[in-house]
Amino acid sequence: MSRTSPLTRETAKRAPRARELLRSHDLRRTSSRLRILSLLAASDRHLSTVEACEQLAGSGKAVHPTTVYRTLETFTAIGLIHAVHGPGATRYGITGEPHHHTVCQQCGHVAALASRHLTEAVERIEELTGLRPDCSGSLLVFGCCSDCQE
């Protein structure tokens with residue numbers, strides 16, 4: 001039986017890609033930055049700073065909360081990740097395929113919503129307002145998630 005946690009195994013698999021991303025943005029490839037970027041890449045959801053710290057600590061590779069916060073801000077500033085502001089804590093996700101977000105107003109859960117599902121709505125927004133959303137823009141759809149509706 002392996003003593004390596006799934007997060008650690010996943011981080012190891014994604015480390016070469018994380019190194020390339022940091023290098024391409026002229027960032028030092030510190031172990032903390034690599035772990036944080038790999039964590040976000042491995043996650044199936046957007047994470048708050050606290051959640052990222054908890055998951056890193058759970059993997060046996062804790063990173064100081066200040067380092068996590070500053071790293072997330074740096075990654076957001078250069079476009080490696082994006083921040084979703086809503087009720088509760090800001091949550092962070094990997095920037096990749098263009099997508100929008102749903103945000104639960106009760107628990108703050110953020111979920112990605114593929115852009116292709118909202119193509120007509122985005123076209124209609126442009127038609128109604130004259131605003132042409134670009135590929136870096138994101139629509140935030142607020143509501144109540146299925147867990148909070150119960």
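**Notebook: salt bridges**

I began with one pair in this predicted model: Glu-51 and Arg-91 are both buried. I then looked up how their side chains meet, and found a salt bridge at 2.6 Å, N to O. This pair joins distant parts of the chain, since Glu-51 sits in helix α3 (residues 49-58) and Arg-91 in strand β3 (residues 91-94), 40 residues apart.

Next I asked myself which side chain Arg-45 meets in a salt bridge. The partner is Glu-51 again, at 3.4 Å, N to O. I checked the exposure of both ends. Glu-51 has a relative accessible area of 16%, so I call Glu-51 buried, the limit being under 20%. Arg-45 comes out at 31%, which makes Arg-45 partly exposed.

My next stop was helix α5 (residues 119-129), where Arg-124 and Glu-127 lie 3 residues apart, so about one helical turn separates them. These two form a salt bridge as well, with their closest N and O atoms 2.4 Å apart. Are they buried or exposed? I noted 42% relative accessible area for Arg-124, which is partly exposed. Glu-127 is exposed, at 60%.

Back to the shared partners: salt bridges join Arg-45, Glu-51 and Arg-91 into one network.

Last, I wrote down the tally, which comes to 3 salt bridges. A friendly reminder to myself on the general idea: oppositely charged side chains can pair when their charged atoms come close.

Key
Residues are numbered from 1 along each chain as its sequence is written. This is a predicted model: local features need pLDDT of at least 70, side-chain atom pairs count only at pLDDT 80 or more; totals for chains, interfaces and linings use all residues. Side-chain values use heavy atoms; hydrogens and water are left out. A salt bridge is a side-chain nitrogen of Lys or Arg within 4 Å of a carboxyl oxygen of Asp or Glu. Buried means under 20% relative accessible area, exposed over 50%, partly exposed in between (1.4 Å probe, protein chains only). Helices (H or I, at least four residues) and strands (E, at least two) are DSSP runs, numbered from the N terminus.
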